[in-house]
Amino acid sequence: MSDVSVTLDEETTLEEARGTGTSTVARVAKYAAFRLVILFFAVVVAIYLTVLIANMGGYVDEIRRGEIRNAISLQIYMSEDPELKKLSSAEKKELVDRRVTIEEKRRGLDQPFIIRSFAFLKNALTLNLGFAEDMMSDSGSKQVRLILLERLPPTLILWGAGNILLFFFALFTGLYLSRNYGSFLDKLIVALVPTSSAPAWFYGLFLIIIFAGILQVLPFGGLVDAPPPSNKLLYALSVLKHLILPTSAIFISSIAISTFNRRVFFLIYSQEDYVEMAKAKGVSDRTIERRYILRPTLPPIITGFLLLVIAIWMGATILETVFNWPGLGQALFKAIGLFDTPVIVGSNVIYAYLLAATVFFLDFIYALVDPRVRIGEQGRKV
Amino acid sequence: MKTIREITRYPAAIIGGILIILLIVIAIYSLITIPYAEAVRLWRGGEDIWYDLPRTAAPAWTNLFRDKKLPETIILNSQDESVEKTVEEVSGSRTKVSFSLTFDYTYDGFPDEVILFFHTKYDEKKPHVNMTWITPEGEEIRVGSMSAENSSAYIFSQDEVLFRRLGRNLRPDEALFAVDSAAEAPEVLKGTYTLQVDGSIFEPDTELDAKLVVYGDVYGIAGTDHRRRDLTVALLWGTPVALMFGLLAAVLTSVTTMVIAAIGTWYGGWVDGLIQRITEINMILPVLPILIMIGTFYSRSIWVMLGALILLYIFGSAIKSYRAIFLQVKESGYIEAAQAYGANNVRIIARYLIPRIIPTLIPGLITLIPGFVFTEAALNVLGLGDPTLPTWGKVINDAYVNGALHQGQYYWILEPSILLMVTGLAFSLFGFALDRIFNPRLRGM
């Protein structure tokens with residue numbers, strides 16, 4: 001077991017790889033490349049679905065054609081221009097048709113929707129997201145990309161803080177519980193598992209009522225105090241204060257189930273024969289835990305965590321809305337209210353990329369820690 | 001039978017089961033007492049249906065926990081038997097009708113609003129009304145004088161003349177209840193109040209009736225919202241909606257997912273590969289944003305949402321776990337036997353593979369329900385709920401949008417949230433307990 005040990009430290013991995021031939025790097029790279037292809041497909045499918053839904057399967061094009069014809073007809077028939085007034089109605093109609101054709105060609109509406117949809121797909125994939133109808137970025141731009149990129153850092157801070165806290169807390173508590181199997185705390189966590197059926201935004205409401213409404217110790221929501229402190233340190237502290245409640249909401253909503261899952265894995269793996277063997281040899285508890293239990297459980301734990309992260313991403317919109325957190329999710333909520341199509345589509349595109357990026361990141365770690373990928377026993381298995 | 005006996009050994013399963021039964025009883029009760037059309041009418045109705053109720057009033061039982069009792073709504077109608085009406089002929093064409101509306105006011109807070117609604121019948125000449133307010137101390141205050149059109153109303157707080165006469169410290173409807181309306185912190189004078197209504201009728205067949213509503217700050221079991229609607233309607237009706245949505249979504253996704261997993265595992269090869277790849281792609285589709293788009297651009301109907309959600313979940317991560325089980329079952333001896341006697345693929349999948357894993361399906365299915373219930377609530381909270389149905393999520397949305405969190409109207413958010421919580425807990429308690437019974441591998445842990 002110790003022969004095939006994997007360290008997260010990349011340099012040693014590379015050195016080992018050089019020693020045993022380049023096959024490890026090649027395998028990890030092959031695995032990563034394979035996952036990248038799958039993820040790229042997923043992004044393409046998600047974005048194409050978005051394009052189809054946002055354009056109502058081409059129906060929006062029909063509406064646009066109608067609008068163009070209406071506007072041009074109005075221009076020509078209502079015109080005070082003496083030249084136009086002289087024309088007969090047949091000539092006017094011809095003129096309208098001609099101008100409509102030119103306008104449709106200019107806006108690309110002469111092509112069938114299916115071709116246009118691929119052009120939209122390409123634009124979306126390259127983050128060429130167009131201009132918002134109503135919304136504006138804080139810097140005053142109407143570019144959807146700028147509006148959304150501005151919202152990205154708060155979202156990443158919130159979800160990064162929540163997930164990292166969750167991952168490590170669940171990992172160590174799970175380990176502790178598996179060591180103290182049957183203790184009061186252990187039973188408590190098992191009993192609390194059903195609380196994880198409610199999503200983070202739901203606990204958020206309760207937290208706001210308790211800590212902001214009744215106790216009035218923490219803010220209702222938002223990113224910083226108003227007006228924002230000019231001092232960098234005070235600004236950071238203010239953000240931190242506003243971060244407490246939403247992060248706690250994420251934490252509370254998933255902590256019981258993730259701890260429970262870790263604990264089950266640890267219990268299963270600690271019953272393996274090689275653990276008994278190591279114990280018999282007199283290996284210390286700490287080493288057994290690190291080498292014989294933690295290491296083989298990491299891949300399934302990462303897969304489990306991956307699913308959790310996906311689920312938490314899905315709830316982003318609503319948690320950010322509840323906490324008035326100026327992230328992507330709240331932008332999406334506002335865009336729904338304003339019926340701002342480009343922003344809604346843009347948010348979906350960014351979400352698809354974010355999800356794929358998260359999954360790829362975790363996949364990569366998975367590839368590094370899973371001996372099956374490294375040793376190549378089974379090239380691709382998740 | 002054995003399973004049922006085993007279930008009773010798990011307290012979590014018993015609690016969950018009782019809660020589920022309770023929810024089902026509430027759902028059936030709501031469907032029977034408030035038929036669908038009535039629920040929609042009540043919930044979409046505005047002031048015309050709910051004008052008797054106070055705005056954003058907390059539930060009446062909250063008074064039990066308050067030192068200062070908030071007023072309840074008092075409604076007095078001259079059409080009631082208990083109200084005595086005197087009719088006195090003054091001259092040939094003029095008749096005097098008078099009645100007094102008397103009530104006890106024993107609360108510590110001022111009423112939210114006081115309105116007198118007229119209900120009159122006349123041909124041409126409107127009856128004329130003089131109103132006198134009599135305080136518990138016997139003081140008589142002339143409050144209003146007007147000709148009473150049918151379904152017109154006298155709103156005390158908007159009477160400018162009365163406002164000036166009573167001193168400008170308090171709204172007229174508050175000043176009428178105050179011990180000393182000029183005081184810094186006016187207090188409520190408790191006791192029996194009377195509104196004396198004297199009407200002059202100029203036509204023989206004229207009817208004159210009035211309804212006095214003293215709007216309070218608490219109402220009923222559940223309280224009211226910003227549009228005076230009684231929240232019990234939405235809380236009751238939210239139950240069948242949530243249960244139906246959760247159950248249908250869970251059953252339909254689990255069964256289809258299982259069938260797809262069975263087909264994939266049995267045929268193997270490219271079929272299996274394709275299903276695996278679709279699952280991998282589907283797993284990272286942003287479900288909620290896609291639902292949000294459907295809600296914004298197409299339809300907010302609960303059925304469309306249900307359909308879309310099911311489609312997005314069919315190729316969910318559950319396929320992987322079903323596949324793992326099917327791979328084991330596929331190797332069993334009895335499957336080989338079935339093949340040997342010539343059973344075809346469809347028969348093997350439908351009769352031998354699928355029935356084997358139904359015990360594992362049920363707990364999984366039940367634990368899925370809360371997720372779907374919360375997804376439906378989430379869509380409602382985002383303002384993308386079904387436009388006609390009253391649901392829990394919609395109540396939360398109304399409360400949130402109207403600033404209930406900031407104004408301390410916590411009941412408005414807590415009531416639907418607690419119901420959601422109970423539903424979620426009930427199904428997950430029951431589901432997890434079943435999981436332990438059906439999957440003995442976990443039982444020791």
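# A walk through a two-chain model

Chain A has 16 helices and zero strands. Helices here are DSSP runs of H or I with at least four residues, strands are runs of E with at least two, and both are numbered from the N terminus. Chain B comes to 15 helices and nine strands.

This is a predicted model, in which local features need pLDDT of at least 70, side-chain atom pairs count only at pLDDT 80 or more, and totals for chains, interfaces and linings use all residues. Residues are numbered from 1 along each chain as its sequence is written, while chains are lettered from A and ligands numbered from 1 in the order in which they are written. The score pLDDT is the predictor's confidence in each residue, from 0 to 100. Chain B has a mean pLDDT of 85, and 98% of its residues reach 70 or more. For the complex, the predictor gives an ipTM of 0.80 and a pTM of 0.83.

Start with overall shape. The radius of gyration is taken over C-alpha atoms, and the rule for a globule is 2.2 Å times the number of residues to the power 0.38. For chain A, a compact globule of 382 residues would come near 21 Å, but the chain has 28 Å. Its C-alpha atoms fill a box of roughly 105 × 60 × 40 Å along the principal axes. For chain B, a compact globule of 445 residues would come near 22 Å, but the chain has 32 Å. The box for the C-alpha atoms of chain B is roughly 110 × 45 × 40 Å, again along the principal axes.

Next, look inside. A residue is buried if 20 or more other C-beta atoms lie within 10 Å of its own, exposed if 12 or fewer, and partly exposed in between; the C-beta atoms are placed from the backbone. Buried residues make up 34% of the 382 residues in chain A. In chain B, 41% of the 445 residues count as buried.

Contacts tell us how each chain folds back on itself. Two residues are in contact if their C-beta atoms, placed from the backbone, lie within 7 Å. Take contacts between residues at least 6 apart in sequence: in chain A, 73% of them join residues at least 24 apart. In chain B, the share is 74%.

Ala378(B) touches both chains: leaving aside neighbours within four places in sequence, it is in contact with Pro199(A), Trp201(A), Ile318(A), Leu288(B) and Gly393(B).

Now the interface. Here 44 residues of chain A are in contact with 40 residues of chain B. Seen from chain A, H2(A) gives the most to the side that touches chain B, with nine residues. By class, that side has 35 nonpolar, nine polar and no charged residues. Ala, Val, Leu, Ile, Met, Phe, Trp, Tyr, Cys and Pro count as nonpolar, Asp, Glu, Lys and Arg as charged, and the others, Gly among them, as polar.

Some local details of chain A deserve a stop. Helix H12(A) has a kink of about 45° at Leu298(A), shortly before the proline Pro299(A). The bend at a residue is the angle between axes fitted to the seven residues ending there and the seven starting there. Both Leu298(A) and Pro299(A) are among the buried residues of H12(A), which also include Phe305(A) and Trp313(A).

The loop between H9 and H10 of chain A holds Pro227(A). A cis peptide bond joins Ala226(A) to Pro227(A), with omega about -5°. Gln216(A) is found in the loop between H9 and H10 too. Its phi is near 55°, a positive value in a residue other than glycine. Gln216(A) is exposed because 9 other C-beta atoms lie within 10 Å.

Leu127(A) sits in the loop between helix H6 (113–125) and helix H7 (144–179) of chain A. Leu127(A) is not a glycine, yet it has a positive phi of about 60°. With 14 other C-beta atoms within 10 Å, Leu127(A) is partly exposed.

End in chain B. Ile49(B) lies in helix H4 (residues 47–50). It counts as partly exposed because it has 16 C-beta neighbours inside 10 Å. Ile49(B) and Leu361(B) are 312 residues apart along the chain, and their C-alpha atoms are separated by 47 Å.
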